[in-house]
Amino acid sequence: MSKGFFIDTTRCIACKACQVACKNWNRLPAEQTKNQGDLQNPPDFTFTTYKLVRMNEEIVDDKVNWLFFPDQCRHCLIPPCLLWAQNTEAIYQDENTGAVVYTAKTQGLKAEDIIGVCPYDVPRRGKDGFLAKCTMCNDRVKNGMEPACVKTCPTGTLNFGDLEEMRQMADERLKKVKLTYPDARLLDSDDVRVIFLTAFAPEKYHTHAAAFDAQHWKAR
């Protein structure tokens with residue numbers, strides 16, 4: 001059955017446990033980084049960073065707010081990257097889980113095009129020409145386990161299960177959050193398998209937190 005995430009950013013404390021767990025399970029090396037003047041590290045996705053907790057200091061209603069956004073691939077219902085690649089040996093969608101998976105065949109794709117059509121600016125190219133991003137821990141999921149990031153989350157920010165159950169959980173949580181944050185919303189919930197709940201407008205979290213052209217891709 002098609003799977004999905006519900007990510008409730010109002011519960012995120014930026015512990016980065018998800019970020020570390022993703023590195024650990026996928027055997028990805030640590031990034032060589034430097035001080036950027038803020039607490040987010042590394043500053044963006046890379047070929048070896050699939051999960052990234054974005055950290056923004058925003059003034060909302062004359063108050064300083066830390067806005068945390070545990071970013072990742074959205075595993076779109078209709079993936080623009082897959083449509084553009086037109087090569088299911090390079091990019092395919094698992095028929096059981098719905099995970100959008102990249103293979104070694106991505107080395108033959110024009111990386112700029114694949115990255116450019118992603119509404120969330122997720123895929124990254126390695127020095128060898130391969131493309132990479134979150135896999136939904138598809139190997140874990142197909143063996144009855146949760147994705148590593150979800151397994152390690154201590155606050156209930158990250159949730160995973162059957163897509164319809166995640167949608168229901170998101171709708172119910174949104175009603176409660178709106179009592180405190182009237183501008184709370186679900187991001188692109190009809191188009192993706194990774195549904196984010198934000199307390200404020202998505203652009204306050206990240207430029208690509210919400211899709212810029214979701215309806216276009218939905219119609220293709």
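This is a predicted model: local features need pLDDT of at least 70, side-chain atom pairs count only at pLDDT 80 or more; totals for chains, interfaces and linings use all residues.
Residues are numbered from 1 along each chain as its sequence is written, and side-chain values use heavy atoms, with hydrogens and water left out.

**Overall form**

- The secondary structure comes to seven helices and ten strands. Helices (H or I, at least four residues) and strands (E, at least two) are DSSP runs, numbered from the N terminus.
- The C-alpha trace spans about 50 × 40 × 35 Å along its principal axes.
- The radius of gyration of the protein chain is 17 Å, which agrees with the value near 17 Å for a compact globule of 220 residues. This radius is taken over C-alpha atoms, and the globule rule is 2.2 Å times the number of residues to the power 0.38.
- Of the 220 residues, 52% count as buried. Buried means under 20% relative accessible area, exposed over 50%, and partly exposed in between (1.4 Å probe, protein chains only).
- Among contacts with a separation of 6 or more, 60% come from residues 24 or more positions apart. Contact means heavy atoms within 4.5 Å.

**The four-stranded sheet**

- Four strands form an open sheet with mixed pairing, in the order β8-β1-β10-β9. Two strands pair if DSSP finds at least two bridges between them.
- The edges are β8 and β9 (185-187), each of which pairs on one side only.
- Neighbouring strands of this sheet are turned by 25 degrees against each other on average, direction ignored. Axes are lines fitted to C-alpha atoms, for helices over the stretch in contact, and angles run from 0 to 180 degrees between N-to-C directions.
- Strand β1 (residues 3-8) pairs with β8 in the antiparallel sense, over five bridges.
- Ile7 has Leu158 of β8 as its bridge partner. Phe5 stands opposite Phe160, also in β8.
- Strand β8 is mostly covered, with five of its five residues buried.

- Leu186 is found in strand β9. Its relative accessible area is 16%, so Leu186 is buried.
- Beyond its neighbours within four places in sequence, Leu186 is in contact with Phe6, Ala170, Asp171, Leu174, Ile195, Phe196 and Leu197.
- Leu186 and Ala199 lie 13 residues apart along the chain, and their C-alpha atoms are separated by 9.1 Å.

- Strands β2 and β3 run antiparallel and are joined by nine bridges.
- Arg54 has Phe69 in β3 as its bridge partner.
- Two residues sit between the strands of this hairpin, where Asp61 takes a positive phi near 55 degrees.

**Helix α1**

- Helix α1 (residues 17-25) has the buried residues Ala17, Cys18, Gln19, Ala21, Cys22 and Lys23.
- These buried residues pack against β2 (52-60), β3 (63-71), α5 (148-152) and β8 (158-162).
- Just after α1, Arg27 takes a positive phi of about 55 degrees.

**Cysteines**

- A search of the whole structure finds zero disulfides. A disulfide is a pair of cysteine sulfur atoms within 2.5 Å.
- Cys12 is in no disulfide, and its nearest cysteine sulfur, that of Cys18, is 6.5 Å away. Cys12 is buried, with a relative accessible area of 14%.
- Cys73 has its closest cysteine sulfur in Cys134, at 5.6 Å from its own sulfur, which is too far for a bond. Cys73 also counts as buried, at 8% relative accessibility.

**The loop at Asn87**

- Asn87 has its place in the loop between α2 (80-85) and β4 (91-93).
- Asn87 is partly exposed, because its relative accessible area is 28%.
- Thr106 is 19 residues from Asn87 in sequence, and the two are 8.8 Å apart in space, C-alpha to C-alpha.
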